[in-house]
Amino acid sequence: MDAKKILQFLQSNIWIIILVGGMILYPFVSYHPYWLSLLITIFIFAAFALSYDLLLGFTGLISFGHALFFGLGAYSIAIFSRFTELSFGSMFILLAVAATVIALIKTAFAMRVRGIYFAMITLALAQFFWVLVMTLSRYTGGEDGMPRVPRPDFLGDRLTYYFFALGFLLLVYFISRRFINSPTGRVLIGIRENEERMVMLGYNVFKYKLFSLTLAGIIGSFSGAIYVMFINIAFPALLNIQSTIDVLMMTIVGGVGTLHGPIFGAALVRLLSHFLSSHFRQWIIIFGIIYILIVVFMPLGIFGGIPGLSKWLEKRGGWLKWIAQKLKP
Amino acid sequence: MFDTLFFNLLLNGLAHGMLIFLIASGLSLIFGLMRVVNFTHGSFFMFGAYVGRSIYLATDSFVLAILGGLLFGFVCGGLVERIAIRPFFGNRVQLLLLTLGMMLVMNELVKIIWGPTILRFPRPDYLIGSFMLGDIILPYYRMFIVGFGLVVLVIVYLFLNKTRLGITIRAGVENPEMVQSFGINIKQVFTFTFALGVSLASVGGAISGPFLSVYPEIAMDNILVAIIAVVVGGIGSFGGSVAGSLLIGLINSFGGFYLPQAAMAFNVVLMALVLLVRPQGLFGRGGVTGGR
């Protein structure tokens, strides 16, 4: 790769490089355990929201049960580490296999029912696992959850885990970007726009939906696993409807169908809920109102609204036009 | 087999099924006609319970509490349709996300007004006690719920089949464009149907209060169960919502007794089976699952 190409890569990813650089430098500038923890959860939820956007934004599958994967990751690590002597590496491999199996089941449903019916069946599937976790309390701790989930030794302290979570998010981001821009990703967007046409063109829709659901499932379950290793407890709320609503909101607020949107949305939702919950007891209501306003006035989310904003700024001319050009992807 | 316990569970299941029916029938009609999954339906059920309780405690009249719940649902339903649903018509995903957000706001609003704890809704004197049929004890209040549900069922059935407006609604479920091309103002029909559906849920909440007590979580619990009942019965089919609700109510009652905690799993498995074998639901028409 010659210097010109490297320069071009740096130039086109300038915002990401600045942001990641800032995140890498942050713990050395101000080491505050509380903020570090908040940032770690933001990184993990950003990866989770990104996996949800692969389904909702890029394949057009409305899933109301994505928390199933998150909970699967969380409970797999908790159960494996309590009842078996497996290494963390083999736990993650088994987890990937389990996520693939569930993705296969969901794809089978997705081929039979569409739209809102698919949303309902995924919701039902997630609630089923929630009931399972609540009922099999001998293995899952029931309502109390499973405390004392261990972490690998080399990720013991908070600072290392911070870089681990950041690295995980970056990996997920680049894999998703590569995936979306690959021919397979293009086919998925085609399915989102018009499934019948893709069938007519001879694409095997089952295969492509399976790709998308498997990738989203593996990323989602890995985020759940990394989250549970950080907070050290697995509990049923991780896989119920509220957890799905959270990730749905992050994706919608940030911008569905964009790669930066879910990351930005996860950060915004976590920060907002952090600040609001320390001031109001019923903070969810303020949150709900903000969410409704975004759905009504910016249906494409904050990032999805940028092309429209830059068009509007361009019309104004002058120095606003300069900003508009900077905003263009 | 047919002992006292059986009849108790049967009555319990029917009473629960009737309450689910009051939510599910409106949900099903609204979805069938307008293609909107109204997530606020469970929240209106909850609000109906709170409003009914407040009216009952203030006036000491259970009849007024029921009428208040009905009126509250009708007015609020109509307002929500005009303000929040109509402007976004045709954009299904946006509407889905919007009603989801309204559900969150309503479920928190109730905690601000009435507090987050469980409230007791006393039964009126004339509905306390039980009817003895040999060895079988049949509590009056559960019989009242079943009877009330049956009356609503018959009224709504007659309305949908014998009145001009009801027939228009059913025609709209089949083909809204066709109805409009006959010169009927379909938007007004939409508003009315939405208000009617919401008022059924809200009156259901009002009569559920003395049976289930009143607390914020009834919104979320019931919307999930009602959605399952609608999908099982067949979206847009009135008969389907009756069958689905009673089936789910009985499964919850019997399953909950013999295998507690697994009742929800039964519902989910039933829904998954129905969707796999007959995606349009037990009583739904064919061809509705594509592209919606």
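Helices (H or I, at least four residues) and strands (E, at least two) are taken here as DSSP runs, numbered from the N terminus. The model is a predicted one, in which local features need pLDDT of at least 70 and side-chain atom pairs count only at pLDDT 80 or more, while totals for chains, interfaces and linings use all residues. Residues are numbered from 1 along each chain as its sequence is written, and chains are lettered from A and ligands numbered from 1 in the order in which they are written.

Leu170(A) is found in helix H8 (residues 158-181) of that chain. Burial is judged from C-beta atoms placed from the backbone: a residue is buried if 20 or more other C-beta atoms lie within 10 Å of its own, exposed if 12 or fewer, and partly exposed in between. Leu170(A), with 15 other C-beta atoms within 10 Å, is therefore partly exposed. Between Leu170(A) and Phe45(A) there are 125 residues in sequence and 13 Å in space, C-alpha to C-alpha.

Ala266(A), in helix H13 (residues 260-277) of chain A, counts as buried because it has 28 C-beta neighbours inside 10 Å. Contact between two residues means that their C-beta atoms, placed from the backbone, lie within 7 Å. Neighbours within four places in sequence aside, Ala266(A) is in contact with Ile42(A), Phe45(A), Ala46(A), Ala49(A) and Met250(A). Arg148(A), by comparison, is 118 residues from Ala266(A) in sequence and 26 Å from it in space, C-alpha to C-alpha.

The next topic is the nonpolar core, defined as a set of buried Ala, Val, Leu, Ile, Met, Phe, Trp, Tyr and Cys residues joined through C-beta atoms within 7 Å. The largest such core has 183 residues, and those with the most contacts inside it are Phe43(A), Ala46(A), Ala74(A), Ala226(B) and Val231(B). With neighbours within four places in sequence set aside, Phe43(A) touches Ala165(A), Leu166(A), Phe168(A) and Leu169(A).

The two chains meet through 27 residues from chain A and 32 residues from chain B. On the side of chain A that touches chain B, the elements giving two or more residues are helix H6 (115-135), helix H12 (241-254) and helix H14 (283-297). H6(A) supplies the largest share of that side, eleven residues. For residue classes, Ala, Val, Leu, Ile, Met, Phe, Trp, Tyr, Cys and Pro count as nonpolar, Asp, Glu, Lys and Arg as charged, and the others, Gly among them, as polar. By these classes, the side of chain A that touches chain B has 20 nonpolar, five polar and two charged residues.

Two packed helices are described by the angle between their axes and the distance between the axes. Axes are lines fitted to C-alpha atoms, for helices over the stretch in contact, and angles run from 0 to 180 degrees between N-to-C directions. Angles under 35 degrees count as roughly parallel, over 145 as roughly antiparallel, 65 to 115 as roughly perpendicular and the rest as oblique. A crossing is left-handed if the near helix is turned anticlockwise from the far one by less than a right angle, and right-handed if clockwise.

The axes of helix H1 (residues 4-34) of chain B and helix H8 (residues 186-212) of chain B come within 9 Å and cross at roughly 165°, which means that H1(B) is roughly antiparallel to H8(B). Their crossing is left-handed. Residues making this contact include Leu19(B), Ile23(B) and Gly26(B) of H1(B) and Phe194(B), Gly197(B) and Ala201(B) of H8(B). By class, the contact of H1(B) with H8(B) has 17 nonpolar, six polar and no charged residues.

H1(B) also passes helix H2 (residues 40-59) of chain B, their axes coming within 10 Å and crossing at roughly 145°. This crossing is right-handed. Here Ile23(B), Gly26(B) and Leu27(B) in H1(B) meet His41(B), Gly42(B) and Phe45(B) in H2(B).

For H2(B) and helix H9 (residues 218-233) of chain B, the axes come within 7 Å and cross at roughly 135°, so the two helices are oblique to each other. The crossing of H2(B) and H9(B) is right-handed.
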